[in-house]
Structures are given as structure tokens and as C-alpha cells.
Amino acid sequence: MEHDQKQLVQLLPLLPLLSELGRTQHVTETAEVLGVPQSTVSRALSRASAVVGTELLVREGRGVRLTPAARSLLPYIERALAEFQAGLDLVRSESDVVRGRIPVSFQHTFGESTLPLLISAFRSHHPGAVFTLTQGARDTCLARLAAGESDLALTAPVAAEGRNLLSALLYREPLRLVVHHTHALAGRRLASMADIRADPFVALGPGYGMRSLTDALFREAGYRPRIAFESQDTHTVRGLVSAGLGVSILPPGGDAPGRNVSTETGNLGWVEVPLDSALAFRDVGLSWRQRNPGLEPLGVRLFRELVLTEGPQLLAGLVQRRSRLAGTGPDGDEAPPAPGQ
């Protein structure tokens, strides 16, 4: 019994590594996911094989393959980790303490209401939760996620799932043509891409989610826009349109400055017009790195679960209100249905 106990003591610290290696089947990738040197993984494998008394993995080309002995052990390893994680969650939930920071990357357009609403809902359950927020272009947010600098990324379009990357759709919202309040299209109930062929266009810069969406709209329309300005945030884009310096395509602006024209604002003002295109929408979603049980920080996992389970309902009213405030009328109030709905 004493010998068996000693073996368990030697093996316990290696269980997360063996579990991750069973998933990736690659020493280098396992080291990257766990944030340890590759040599650490190799040495741990040697120790584990010595303690068990048989080889657990064999090299196969650039990767590794589980031996029959390892395949027999793996389900027990994963159950042990899952049980231990459940115990940790129970203890921490009873004390209502979420430890550590929750790093989230997000695009600028979600900083005013979308992300604050989600954080507020989470903080109502876990008032001590601490977030680290970074904002930027869609490509930047996803790069930070891939590099491990963020644990979650809120983007549009939703990132395609891939190796070690999972994503979920939260909501879909319409894209509108935004024009100066005196523009010829300002009174229209519906506009086409062909209607703005001759207009200067105010765009988001390359790498931004909206830029990829507007590029797709122009490709569908069969022409390239005359880009007059490139900006890094939608507030500036809307401001340039409000000054009559071009037209743009953006998500509904709600009560953003410039919607209401008055003598105090001079000639500044914008109007949104629904677009007649099947591509005039954007899907907003959450992305995260896939990990084995026990490797994802509790706070990150709990926030992710809240966003996925409660987020769509929490945000539905926000999207509808923002579209309605934009004054788009009955033809443009509702976004197209999300895929599968």
C-alpha cells in the first residue's frame, strides 16, 4: 500500500499534462497549451512511464500515439480531473469567490453596451470578479486570443472554429446604410448598393470586422467603393458621414450623436436606411480556446457559461431597441434570423 501511495504522489502532478497530451497527440502543442517548455513535457512523459511501468506514448512521425496502456488509463485520468474540478467549483461557489482576472478582448463597437451588460450580469452573481479588458480590431482580438493573452474574444463576424478554437453565436443585427440627413437617399425606406456607387465611402480600416463585411457587400454588388476616409472606430465614421463627407455602412447607431438634427449642431446629422442585400447583417459571437477540464480558470469558465446561456436573451432587447432608435421604420426594425433559428 505504501508503494502504491508513493506512485500516486508521483503521478498526480502529471495528470493534466497526460490528459492534454492525449487530446493533442503532439508534444510541442501540449507544451504551448500548458505554457511550459517542450523539455518539461518530455521529462514528465519519461517519469510517468517509469512510475506506471510501461510506455504510455510512442513517437509517430512528428506527433505521438497513445499506447494501449495509455488509452486504458486516459478515461480514468479525465474523470479524476473532472471530479477534482467539480470539488473546487463547489468550494468556491459556496464562498462566492471568483479568483483571478478574466481577460477579454473585444471590438470597439461592443464597449458601449454589449460587453458592459454581460459583465454587469456576471458581477451580480460574483461581485468580486475582476476583468482585464483590451479592445481593438477583430484580427487583433483573435490574435490575442490565439497567443493566450486573452481567454475570451467578442467579435463580429464570429470566428470560424478551428484547432483549439471554439465559437458560439450570440446574436445577429442588421447593417444599415448611413447617409447625411440631406442626402438624396435619406428619405428612402430601402436602398441598394447600386444607389451609392458614385458616393465617396467612409470605411473602417483593414483588419476590422466591419471592413470585411462591407468588402463582401461591394463584391456582391460588383464594384469597388471610392474610399474617401478610413477610420479605426465607428464613432469617427458616423461623424464624418454626419458632416456630409461620404456615406457608410454600419450597425444600427441607436441614439448616437448626430441622429437628432438641431440648430445647435449646424448641418451635422445622419440618417440610417435599410439595405436591400442578403448580406446586410453581422453575426456577433464569443470565441475561446479549447482546454481540458481543470485547465480553464474558474472565473473564465463561469463568465463564458453565463454569456452563452443568458447572453442571447440579455442582448436581444438591446439589439431591438438600438435598431428602433435608429428610426429605420418597420422595414428595418428586425434583423434576419440567425442560422438554424
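Helix 5 contributes four residues to the lining of the second largest cavity, the largest share from any source. The structure is a predicted model, in which local features need pLDDT of at least 70 and side-chain atom pairs count only at pLDDT 80 or more, while totals for chains, interfaces and linings use all residues. Residues are numbered from 1 along each chain as its sequence is written, and side-chain values use heavy atoms, with hydrogens and water left out. Helices (H or I, at least four residues) and strands (E, at least two) are DSSP runs numbered from the N terminus.

A cavity here is a set of points on a 1 Å grid over the protein atoms alone where a 1.4 Å probe fits but cannot get out, and its lining residues have an atom within 4 Å of a point. Grid points are joined across faces, edges and corners, and the volume is the space filled by probe spheres set on the points. For the second largest cavity, that space is about 70 Å³. Its lining consists of L18, L21, G22, L56, L57, L66, A70, L73, L74 and I77. Helix 2 (15–24) and helix 5 (68–95) each provide at least two of the lining residues. By class, the lining holds nine nonpolar residues, one polar and no charged; Ala, Val, Leu, Ile, Met, Phe, Trp, Tyr, Cys and Pro count as nonpolar, Asp, Glu, Lys and Arg as charged, and the others, Gly among them, as polar.

Three cavities of 30 Å³ or more are found in total.

Attention now turns to the strands. Strand 3 (residues 101–106) is mostly covered, with five of its six residues buried; buried means under 20% relative accessible area, exposed over 50%, and partly exposed in between (1.4 Å probe, protein chains only). Two strands are taken to pair if DSSP finds at least two bridges between them. Strand 3 runs parallel to strand 4 (residues 130–135), and six bridges join the two. Strand 3 also pairs with strand 5 (residues 152–155), again in the parallel sense, over three bridges. S105 takes part in both pairings: its bridge partner in strand 4 is T134, and in strand 5 S105 stands opposite A153. Together with helix 6 (residues 114–125), strands 3 and 4 form a right-handed β-α-β unit. Right-handed here describes a crossover whose path, with the strands pointing away from the viewer, runs clockwise from the first strand over the helix to the second.

Eleven salt bridges are found in the whole structure, each being a side-chain nitrogen of Lys or Arg within 4 Å of a carboxyl oxygen of Asp or Glu. One of them links R211 and E230, at 2.9 Å from N to O. R211 lies in helix 8 (residues 209–221) and E230 in strand 9 (residues 226–231), so this pair ties together parts that are 19 residues apart in sequence. R211 is buried at 12% relative accessibility, whereas E230 is partly exposed at 47%. Salt bridges with shared partners also join D151, R289 and R291 into one network.

Two further pairs may be described alongside. R188 and D195 meet at 3.0 Å, N to O, in a salt bridge; R188 is partly exposed at 39%, and D195 is partly exposed at 30%. The salt bridge between E149 and R144 spans 3.2 Å, N to O. Here E149 has a relative accessibility of 46% and counts as partly exposed, and R144 is partly exposed at 26%.

Most residues other than glycine have a negative phi, and most peptide bonds are trans. The peptide bond from A156 to P157 is cis, with omega near 0 degrees. N164 is found in the loop between strand 5 and strand 6 as well, and its phi is positive, near 65 degrees, in a residue other than glycine. With a relative accessible area of 18%, N164 is buried.

Terms used: 1 Å grid on protein atoms, 1.4 Å probe; cavity = no way out; pocket = protein on both sides within 12 Å on 5 of 7 lines; lining within 4 Å.
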